[in-house]
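Subject: Handing over the two-chain model

Hello,

I am passing on the structure that we talked about, and below it you will find my notes on what turned up. Please read them with the structure open beside you.

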Amino acid sequence: MQTSTQNPNESTPKVVESKRQKRAGRIADHASGGVTALLVKIGMLAVVDAIAVYALFILFLRQDWVIFAVVLVITALVNLVYFKRGLLPLKYLAPGLVFLLIFQVFVIGYTAYISFTNYGTGHNSTKEDAVTALIQSAQYRVPDSPTYGLTIVEQGGAFNFLVTDPDGDVSIGNTETPLTEVSNAEMSGDKAVSLSGYNSVDFTDIVANQDAIAAMTVQISDDPNDGALRTPDGSSAYLYLSTLSFDEAADTMTNTETGVVYADTGNGAFTSPDGEEILPGWSVVVGAENYVTAFTDESIRGPLLSVTAWTFAFALLSVATTFILGLFLAIVFNDMRMRGRKFYRVLMILPYAFPGFLGALVWAGMLNKDFGFVNVALLGGAEIPWLTNEWLAKFSILFVNLWLGFPYMFLVCTGALQSIPDELQEAAKMDGANPWQVFRRIKFPLLLVSIAPLLIASFAFNFNNFNLIYMLTNGGPRDASAGINVGASDILISMVYKVAFSGADRDYGLASAFSIIIFLIVAIISIVSFRQTKALEDLN
Amino acid sequence: MSTSTPVLQHTRTAASAAAKRPFRLSRWFRATGWRHLVGIAMIVFSVFPLLYVLSASLNPNGTLLQSNGLFSSLGFDNYVTLFTNSQRPYGAWFINTLVIGLTTAVGTVFLGALAAYCFSRMRFAGRRFGLLSLLIVQIFPQLLAVVAIFLLLTTLGDIFPILGLDNQIALIMVYLGGALGVNTYLMYGFFNTVPSSLDEAAKLDGAGHARIFFTIILRLVAPILAVVGLLSFIATTNDFVISSVVLVTPERQTLAVGLYQFVSDEFTTNWGVFAAGAVLAAIPVMALFLYLQKYIVSGLTAGAVK
């Protein structure tokens with residue numbers, strides 16, 4: 001390297017020049033940044049690092065090693081990118097990439113993972129939490145149990161039980177940590193009343209927080225089978241035992257009243273020999289079970305297929321109807337002789353400017369069967385079930401979507417029509433083409449070249465047009481024979497939402513499996529359609 | 001010139017001939033008159049629902065049935081009710097929507113512009129791959145992963161409450177996950193139209209890459225920044241799926257979530273108040289949209305065609 005710069009050779013002047021340029025560029029970069037820019041950069045990195053260190057500290061305390069490692073690696077990479085000379089592209093990409101990787105790429109992978117679990121109502125925690133919850137839910141107050149002297153103390157906003165047991169020993173604990181003995185408590189009579197580092201809670205505060213305090217259960221020891229303390233009044237506590245007892249070695253739950261033994265059969269819940277499950281359970285990987293259910297269970301496969309078919313029909317018909325109306329209007333109003341075109345144009349695009357979710361809600365009111373404007377005022381009291389009949393609901397959805405979507409198509413078609421050179425039209429006229437032929441053979445193909453990508457984008461948007469469906473018909477009318485909460489006008493995305501988030505029975509695993517199925521469908525369509533557009537562009 | 005003169009004369013004679021011809025209704029109708037009929041029909045179709053909401057919002061008897069008499073009685077009672085109902089804090093929703101929408105818009109514009117500058121001006125290994133993978137990731141919209149987002153935020157919220165459910169900062173960060181993507185493509189196309197000789201001239205004058213970006217490029221691409229910002233704002237305002245899952249407490253919710261619950265709870269009796277809320281929510285968005293519509297349409301078509 002050095003030799004070549006010292007002996008500039010006739011054959012390599014370009015290399016030397018570019019090297020010099022590079023060096024000059026570096027110097028310029030260095031000189032131009034200035035002190036302020038450097039300080040801003042260091043300041044921002046300091047903020048990022050401070051947040052990261054704080055997060056790492058908390059994660060370390062919680063011993064959450066996976067997230068700890070992730071935060072550590074991301075922070076290290078960010079620092080590397082911004083302190084190392086070079087890596088210029090990454091300096092510009094890094095901020096967006098971090099968000100993209102976590103909230104778009106990672107969550108897709110996470111969706112795939114959840115689709116292989118039984119995550120959902122009754123199965124949304126770890127096994128440890130499930131054991132504690134089960135034992136607590138079956139607690140009863142031990143008859144004739146001794147009374148524990150109790151003082152509620154507070155530390156960092158959390159309530160603790162300061163307990164004096166019948167033998168006079170003092171211990172402290174809260175909902176998360178079982179009782180541990182303490183020796184330095186301040187006594188009043190034979191009851192501990194305060195402990196250094198904690199604030200004793202007075203009577204008015206106990207009354208103010210009585211619901212929270214009455215709901216507290218503090219375990220006597222690490223073993224949940226030993227029982228827990230609860231208080232009805234905030235001044236004395238009683239021992240509660242559970243009718244369920246957990247045998248850690250055998251990994252079974254025993255009902256001490258009936259003697260039934262519930263075993264962990266790998267399905268994420270303790271199950272009796274008869275197959276009876278006690279819930280809550282915990283989430284476990286169940287393999288492809290969700291997918292198998294989706295495709296074999298008759299009460300789910302039927303709705304899934306019909307919803308998929310309607311999703312395609314809806315997306316295609318939405319694009320077709322809005323495009324045809326938009327194109328028709330674009331042609332009608334693309335006549336130079338016509339007056340007041342601007343006036344019409346502004347008024348016609350108003351529905352597009354109106355927020356979409358509000359549009360759907362307003363139409364839901366207007367199409368209401370008993371009180372809506374369409375039935376009552378327009379049709380003179382007819383009781384047409386616009387939104388509650390299967391086929392009328394589908395029609396209404398397409399109609400409202402036409403209202404919402406035609407202005408967009410009108411705008412882009414007008415733009416595309418105007419960009420077609422007039423010479424082509426004149427040349428065609430000279431050759432004796434009639435207006436229809438001019439449109440069909442010349443304008444339309446040219447228009448399609450520029451509009452086709454937008455039509456595909458519109459299809460993709462409508463394929464997941466959640467707001468319209470959910471706000472207008474809520475997917476209804478509901479399909480009573482289906483095993484899941486799904487209706488006749490539901491599309492795939494609204495079905496996912498309803499399975500995951502509506503009603504008491506939430507099934508995140510099944511919903512994620514549906515999501516992955518949509519992913520696959522959309523991916524296949526995209527690949528095919530992008531190829532098609534390439535072909536269309538080649539036409540030009 | 002020699003070819004254009006006869007054409008010019010020709011049109012002139014045609015125009016004078018048309019002026020001399022007597023006005024005939026049937027001919028006028030066949031040429032442009034029917035277009036006005038179509039226009040009037042379409043205006044009724046487009047504008048009527050909007051007039052209906054406006055009338056319902058001004059009707060003091062706020063039920064759905066009574067809203068059918070258009071502009072039969074006028075009053076601002078619904079607007080007053082809207083801001084005095086403590087269970088349905090409309091004012092808070094409005095502010096939340098503005099804050100979340102604006103923050104997301106600014107963040108999206110900034111992150112997208114950084115990436116677009118990088119892809120447009122720098123040549124590096126993996127550039128094509130990067131552009132392509134941005135396109136591919138967009139195939140999977142965020143709302144499909146809503147279950148995973150919900151569970152991720154539940155887990156994160158246990159550790160850092162600020163990133164958990166019912167927190168607006170968490171919601172904004174989720175939205176920013178979608179910042180690179182379509183927006184980057186729109187901006188990338190526009191950045192490419194700014195001649196790179198400008199950058200080179202600035203470089204010769206001693207400006208570094210950061211200075212070129214912040215003081216030269218960002219100013220030249222201001223129109224596309226406005227368009228992307230507005231599109232992002234509209235998308236955020238319209239989002240129901242993610243915000244309804246993340247935001248739980250009424251005071252923290254956005255307009256889309258709040259207004260939906262407004263009508264879904266007591267559909268027919270709350271109608272007037274809902275209509276008032278809808279009118280107030282729509283006015284700023286519609287005003288901005290109509291003001292910037294030329295840029296939006298050109299931006300949409302340009303990004304897709306390129």
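A residue is called buried if 20 or more other C-beta atoms lie within 10 Å of its own, exposed if 12 or fewer do, and partly exposed in between. Please keep in mind throughout that this is a predicted model.

With that cut-off in hand, we can begin with A:Asn474, which has 19 C-beta neighbours inside 10 Å and therefore counts as partly exposed. A:Asn474 sits in the loop between helix 17 (466-472) and helix 18 (492-501) of chain A, and its phi is positive, at about 55 degrees, although the residue is not a glycine. This deserves a second look because most residues other than glycine have a negative phi. B:Asp166 is placed in the loop between helix 6 (146-159) and helix 7 (168-176) of chain B, and because it has 16 C-beta neighbours inside 10 Å, it counts as partly exposed.

Next comes the contact between the chains. Chain A brings 85 residues to this contact and chain B brings 79 residues. On the side of chain A that touches chain B, helix 4 (residues 88-114) of chain A gives the most, with 17 residues. Sorted by class, the residues on that side of chain A are 63 nonpolar, 17 polar and five charged.

How do individual helices from the two chains meet? Two packed helices are described by the angle between their axes and the distance between the axes. Helix 10 (residues 341-348) of chain A packs with helix 2 (residues 25-58) of chain B at an angle of about 25 degrees, and their axes are 9 Å apart; these two helices are therefore roughly parallel to each other. The crossing of helix 10 of chain A past helix 2 of chain B is left-handed. From helix 10 of chain A the contact uses A:Tyr344, A:Leu347 and A:Met348, and from helix 2 of chain B it uses B:Gly39, B:Met42, B:Ile43, B:Ser46 and B:Val47. Among the residues of this contact, six are nonpolar, two are polar and none is charged.

Helix 2 of chain B also packs with helix 12 (residues 356-366) of chain A, here at an angle of about 80 degrees and with the axes 11 Å apart, and this pair is therefore roughly perpendicular. In this contact A:Val362, A:Trp363 and A:Met366 of helix 12 of chain A meet B:Pro49, B:Tyr52 and B:Val53 of helix 2 of chain B. The contact of helix 12 of chain A with helix 2 of chain B has six nonpolar residues, with no polar and no charged ones.

Turning to chain B by itself, which elements does it contain, and how many of each? Chain B has 14 helices and zero strands. Of its 306 residues, 43% count as buried, and among contacts in chain B with a separation of 6 or more, 72% come from residues 24 or more positions apart. As an example of packing inside this chain, the axes of helix 8 (residues 182-193) and helix 11 (residues 222-238) of chain B come within 10 Å and cross at roughly 170 degrees, which makes helix 8 of chain B roughly antiparallel to helix 11 of chain B. Helix 8 of chain B contributes B:Asn183, B:Leu186, B:Met187 and B:Phe190 to their contact, while helix 11 of chain B contributes B:Ile224, B:Val228 and B:Ser232.

Chain A, finally, includes an open sheet of five strands in the order 12-13-14-15-16, with antiparallel pairing. Strand 12 and strand 16 of chain A are its edge strands, each pairing on one side only. Helix 5 of chain A packs on this sheet, where it touches strand 12, strand 13 and strand 16 of chain A, and its direction makes about 150 degrees with that of strand 12 of chain A. The buried residues in helix 5 (residues 127-137) of chain A include A:Ala130, A:Val131, A:Thr132, A:Leu134 and A:Ile135, and strand 11 (236-242) of chain A is among the elements that cover the buried residues of this helix.

Best wishes

Definitions and conventions
Residues are numbered from 1 along each chain as its sequence is written. Chains are lettered from A and ligands numbered from 1 in the order in which they are written. This is a predicted model: local features need pLDDT of at least 70, side-chain atom pairs count only at pLDDT 80 or more; totals for chains, interfaces and linings use all residues. Two residues are in contact if their C-beta atoms, placed from the backbone, lie within 7 Å. Helices (H or I, at least four residues) and strands (E, at least two) are DSSP runs, numbered from the N terminus. Ala, Val, Leu, Ile, Met, Phe, Trp, Tyr, Cys and Pro count as nonpolar, Asp, Glu, Lys and Arg as charged, and the others, Gly among them, as polar. Axes are lines fitted to C-alpha atoms, for helices over the stretch in contact, and angles run from 0 to 180 degrees between N-to-C directions. Angles under 35 degrees count as roughly parallel, over 145 as roughly antiparallel, 65 to 115 as roughly perpendicular and the rest as oblique. A crossing is left-handed if the near helix is turned anticlockwise from the far one by less than a right angle, and right-handed if clockwise. Two strands pair if DSSP finds at least two bridges between them.
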